[in-house]
Every structure is written in C-alpha cells, then in structure tokens.
Amino acid sequence: MTGVDSASSPTCASSGWGRERVITASCGSFYPPLRSARPRPPSAWGADFCRMDGDQVEKMVLTKDGRKTAVDKECDGEEKKSVESKVYMDYNATTPMAPEVIQTVTEAMHEAWGNPSSSYTAGRKAKEIINKARESLARMVGGRPQDIIFTSGGTEPISELSQQIQILNQNRMALGLPRILMHTDAAQMIGKGRVDGQDLGVDYLTIVGHKFYAPRIGALYVRGPGVTTPLHPMLFGGGQEWNFRPGTENTPMIAGLGKAAELVNKNCEDYEAHMKEVRDYLEKRLEASFGKQRLHFNSQFPGAKRLCNTCNFSVWGPGLQGRMVLSHCKTLLASVGAACHSEKGDQPSSILLSCGIPYEVAQNALRLSVGRDTTKEDVDVIVEDLKQSVAQLEQNRVT
C-alpha cells in the first residue's frame with residue numbers, strides 16, 4: 001500500500017528509526033548539464049561548458065579528477081546564446097550533480113575500481129568507500145550503517161496521511177488484526193526539508209539520487225526487512241547485500257549518493273531556507289505581474305505544508321494552457337507537472353483536479369521549482385519572459 005505520494009513524503013535528516021535497511025538501485029548513467037542563469041558544472045567527465053562574466057566568455061573543462069579548469073577556447077554562438085538566455089526552473093524533474101559529488105564519483109572510478117567483495121587493495125578501497133556512503137545515508141534517514149543495503153544497478157503539499165495510518169494501525173492491533181503497511185515515495189523531499197522517522201512511521205521509503213544533486217541511483221528504506229516488514233528479493237544469484245540484491249556493487253554511483261547525502265546532512269537547513277526565500281519571491285513577483293484576480297496559486301491550501309522550492313500556478317484566460325505558455329517562452333525551462341506523466345499532453349493534472357482546482361484553471365497550470373543556486377535575478381528574468389509569452393498568446397488569439 002502506498003500511503004503517501006512523492007509530494008508528501010519527508011526525508012532530509014532524521015532520528016529515531018529502529019531496525020531498518022535501505023536498498024538502492026541504480027542505472028549508473030549520467031545526464032547532461034542543466035543551466036540556470038548561473039551555469040552549473042556538467043554531469044559527465046570530459047564535458048565542457050561556457051561561463052559568462054559580462055561580455056567575457058570562458059571555456060571551462062572538467063578534468064579527470066573532477067576539477068574545473070579554464071582554457072583559451074571560444075564557445076560557439078549557439079552555446080553562448082544558450083548560457084546567456086536560458087534559466088532552468090525544473091529542479092523537481094532532475095538536478096545536476098553537485099561539484100563535490102562529481103569529484104567523489106570521479107575519484108571512485110580512478111581509485112576504487114576493484115570488486116568490493118575481493119580482498120586485494122583496490123577491492124578494500126571500494127569497500128571502504130561503500131561503507132562511508134552507508135554511514136552518510138544512515139545519518140540522512142535515521143538508520144544504522146548495517147541497515148543500509150546497496151545494489152547495482154504536482155503540487156507538493158505535505159500530507160498528514162501517515163499519522164492517520166498510525167492511528168488506524170493502533171486500532172487494528174487492539175483488535176488482533178495485521179497492520180497496514182505504509183510506503184512513501186520521498187523523492188521530492190530529500191534536501192528540501194527535515195524529517196523525523198518516528199513521526200513518519202513508514203515501512204518503506206523510496207529515495208531518488210537525481211532529485212538531490214546525486215547520480216541517477218535510488219534507495220529503498222525498509223523497516224526491519226523480512227522481520228517487521230515483508231521483503232523478498234526479486235533477483236537471485238550472489239549473496240551481496242545480505243542476499244536482498246545480488247550483483248557487484250556500483251562503487252562510483254554509491255560514492256556519489258553517499259556524498260550527496262553528506263551534503264544534505266550538513267546543509268539541509270541552509271538549502272531549505274534559500275529555496276523558500278526564492279520561491280516566496282517568485283510568487284510575489286508573479287502576483288505583482290499578473291494581478292491577484294488573474295493569477296491562481298494551485299498549492300496554497302490553508303494549514304497545508306509545501307515543498308520549499310515549488311510554485312504551481314495558473315494564469316487565467318483562454319488559450320493559456322501551460323504547455324502553450326512554455327512553448328512561447330524564450331528563457332524559461334520548466335514543466336507543467338511531473339516529468340513521469342508528461343505523456344498526458346494537455347490533460348490537466350488529476351491531482352490538481354482532485355484538490356478541487358477547476359478544469360479550466362488546472363489545464364493552465366505551470367510548475368516552477370527552484371534549486372540551490374537559483375537567484376532572485378533568475379526569477380526577475382523568467383517572470384518577464386512569462387509576461388511576454390502570455391502577451392504574445394493573447395495577441396495571436398485576437399488577430
């Protein structure tokens with residue numbers, strides 16, 4: 001049973017969870033760099049990017065050890081235009097890897113290439129890196145290092161459903177009935193807010209690396225796997241990871257996930273405060289630009305908590321469907337909702353409709369999500385871009 005959706009689940013730094021394990025799955029792939037008004041580093045070795053400083057264009061190259069260096073090479077016109085003009089505000093879809101994570105993954109590929117199950121030096125080095133990542137993830141989810149298992153491999157209001165399930169389970173236990181198992185997809189919450197494992201009270205919790213500046217590697221937290229909570233392997237073979245998931249561990253990806261967790265453990269409150277400040281500024285600028293009568297915020301419900309970085313809104317008016325508005329933006333890179341539901345086309349979000357948002361408002365929805373490096377200057381740029389896009393659509397409709 002999935003009791004809490006990805007928008008409503010907690011995780012960041014927590015304490016108080018009992019016996020539990022985290023199982024991770026990864027594809028081991030890297031994704032292209034995502035740029036804001038201040039370009040972020042790329043997410044693959046050997047990639048390069050342009051850094052703008054006024055009229056000066058500086059070519060940056062990521063070296064093998066994960067460090068950046070400047071070289072005397074001009075960016076081509078298309079690349080320069082991209083850096084100058086695009087502002088990325090879809091961090092709920094994916095994030096670039098943090099520079100520290102890139103360096104950690106790179107170092108692991110060079111220094112920890114050995115099989116973690118082997119006894120020779122490179123294997124022992126890989127094992128040390130994996131154990132360090134276990135410790136960082138354990139601190140992030142309130143578990144213990146021995147409870148971490150690795151494998152190879154909308155609107156975002158915070159729900160109170162988990163508390164209701166806990167009350168229901170207390171009543172069921174009093175009647176001698178089995179408890180309801182609880183799963184939450186916490187992909188959107190890591191690095192954006194603090195969580196207490198005891199308060200959450202879930203049996204399963206999904207963690208997704210590329211949502212918090214880590215590689216595309218995932219993790220599954222299980223409370224007391226096979227004892228308190230049912231857990232069965234889907235694959236069989238080697239005995240790695242306590243027989244829950246066979247296969248040689250993907251050391252570089254695990255190292256990157258562990259480093260990202262370390263950054264969250266250290267900086268979560270700062271990340272949250274910055275993103276909330278920029279998000280609030282964004283909403284004020286949108287309201288000032290489009291007016292209260294014309295702008296509808298789709299995730300501002302009385303008494304409800306929200307993700308600190310997310311603004312879901314609609315601009316009233318015919319022909320202003322979210323996809324149409326974005327298609328006429330020259331600067332803003334964003335989405336109308338979750339990337340995993342993008343095949344729905346112009347159909348409005350079922351979540352928005354179930355929250356009571358009228359159909360004609362929901363189909364105009366846009367979801368902007370800021371990141372750790374998004375600035376108020378970025379906000380000013382994209383709000384002006386949105387104004388021009390809406391004006392263009394309205395003019396086209398009249399003519």
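Buried here means under 20% relative accessible area, and exposed means over 50%. The legends below describe a predicted model.

**View 1. The protein chain as a whole.** The chain holds 10 helices and 16 strands. Of its 399 residues, 49% are buried. Its accessible surface is about 18,500 Å², and carbon and sulfur atoms account for 51% of that area.

**View 2. Helix α4, residues 161-174, from end to end.** This helix has 14 residues. The distance from its first C-alpha to its last is 20 Å, close to the 20 Å expected at 1.5 Å a residue. Just after α4 comes Gly176, with a positive phi of about 80°.

**View 3. The buried side of helix α4.** Ser162, Ile165 and Asn169 are the buried residues of α4. Seen down the helix axis, these buried residues fall within an arc of 50°, so they line one face of α4.

**View 4. The opposite side of helix α4.** The face turned away from the buried side of α4 carries exposed residues. These are Gln164, Ile167, Gln170 and Ala174.

**View 5. Packing of helix α6 against helix α10.** Helix α6 spans residues 251-290 and helix α10 spans residues 376-398. The two pack at an angle of about 30°, and their axes lie 10 Å apart. Because angles under 35 degrees count as roughly parallel, α6 is described as roughly parallel to α10. The crossing in which α6 passes α10 is right-handed.

Conventions: Residues numbered from 1 in each chain as written. Predicted model: local features only at pLDDT ≥ 70, side-chain atom pairs only at ≥ 80, totals over all residues. Heavy atoms only, no water. Helix = DSSP H or I, 4+ residues; strand = E, 2+ residues; numbered from the N terminus. Expected span 1.5 Å × (residues − 1). Buried < 20%, exposed > 50% of the residue type's maximum accessible area, 1.4 Å probe, protein only. Arc of directions from axis to C-beta. Areas by Shrake-Rupley, 256 points an atom, 1.4 Å probe, with all protein chains shown as cover. Axes fitted to C-alpha atoms, helices over the stretch in contact; angles between N-to-C directions. Parallel < 35°, antiparallel > 145°, perpendicular 65-115°, else oblique. Left-handed = near helix turned anticlockwise from the far one by under 90°.
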